[in-house]
Amino acid sequence: MIVGVGIDVVDVARFVDTLHRVPALRTRLFTPEEQEMPETSLAARFAAKEAIAKALGAPAGMSWQDATVRRVAGAQPVVEVSGTVAAAAAAAGVDRFHLSISHDAGIASAVVVAERD
């Protein structure tokens, strides 16, 4: 059963400019593993985290660090949640997330479906 759907788009150039202007954002928004990725991938992961929050109804108090998007060779990316995001997912009855993520032509986008059994 679908609990929520979230979508987000990010202007990659604007996002990268912001990262350069405010370097602390990299550590505030992304896990150590994610921080090592190219900036275009970070923009796409930011879109994914926004889409996750929207799929959960955008509850207050969630930490960006509590959602990680992992690459899986030859498969869809995987959403791993912990802490505040895991608590919001549990409160909404979410058992799993489905994620589609992309970046091309200066735009990063993500769609998330939150599902429960």
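1. A term is needed before anything else: a residue is called exposed when its relative accessible area is over 50% and buried when that area is under 20%, with partly exposed in between. The model discussed here is a predicted one.

2. Within H5, which runs over residues 83-92, the buried residues are Val 85, Ala 88 and Ala 89. Viewed down the helix axis, the buried residues of H5 fall within an arc of 100°, and they therefore line one face of the helix. The cover over the buried residues of H5 includes helix H4 (39-55) together with the strands S2 (67-70), S3 (78-81) and S4 (96-104). Just after H5 comes Gly 93, whose phi is positive, at about 80°.

3. Helix H4 can be checked for its length. With 1.5 Å a residue, the 17 residues of H4 should span 24 Å, and the C-alpha atoms at its ends are 24 Å apart, which agrees. H4 is also mostly covered, since 13 of its 17 residues are buried. A positive phi, of about 90°, is found just after H4 at Gly 57.

4. The sheet comes next. Three strands make up an open sheet, with the order S1-S5-S4 and antiparallel pairing. Strand S1 (2-11) and S4 stand at the edges with a single partner strand each, so one side of each has no neighbour in the sheet. Direction ignored, neighbouring strands of this sheet are turned by 10° against each other on average. Between S1 and strand S5 (residues 107-115) there are nine bridges in the antiparallel sense, and the bridge partner of Val 10 in S5 is Ala 108. H4 packs on the sheet, where it touches S1, S4 and S5, and the direction of H4 makes about 145° with that of S1.

5. How many aromatic pairs does a search of the whole structure find? The search finds three, and two of them are described here. In the pair of Phe 15 and Phe 30, the ring centres are 6.3 Å apart and the planes stand at 85°, so the pair is edge-to-face. Because Phe 15 lies in helix H1 (residues 12-21) and Phe 30 in the loop between helix H2 (24-29) and helix H3 (32-35), the pair ties together parts that are 15 residues apart in sequence. Phe 15 is buried, at a relative accessible area of 9%, and Phe 30 is buried with a value of 0%.

6. The rings of Phe 46 and Trp 64 have centres 5.2 Å apart and planes at 35°, so this pair is tilted. Since Phe 46 belongs to helix H4 and Trp 64 to the loop between H4 and S2, the pair ties together parts 18 residues apart in sequence. Phe 46 counts as buried at 17% relative accessibility, whereas Trp 64, with a relative accessible area of 24%, is partly exposed. Taken together, ring pairs link Phe 15, Phe 30, Phe 46 and Trp 64 into a cluster.

7. A last point concerns Thr 68, which is found in strand S2 and counts as buried at 9% relative accessibility. If neighbours within four places in sequence are left aside, Thr 68 is in contact with Thr 31, Glu 34, Val 78, Val 79 and Glu 80.

How values were computed. Residues numbered from 1 in each chain as written. Predicted model: local features only at pLDDT ≥ 70, side-chain atom pairs only at ≥ 80, totals over all residues. Heavy atoms only, no water. Buried < 20%, exposed > 50% of the residue type's maximum accessible area, 1.4 Å probe, protein only. Helix = DSSP H or I, 4+ residues; strand = E, 2+ residues; numbered from the N terminus. Arc of directions from axis to C-beta. Contact = heavy atoms within 4.5 Å. Expected span 1.5 Å × (residues − 1). Phe/Tyr/Trp six-rings, centres within 6.5 Å; stacked < 30°, edge-to-face > 60°. Pairing = 2+ DSSP bridges. Axes fitted to C-alpha atoms, helices over the stretch in contact; angles between N-to-C directions.
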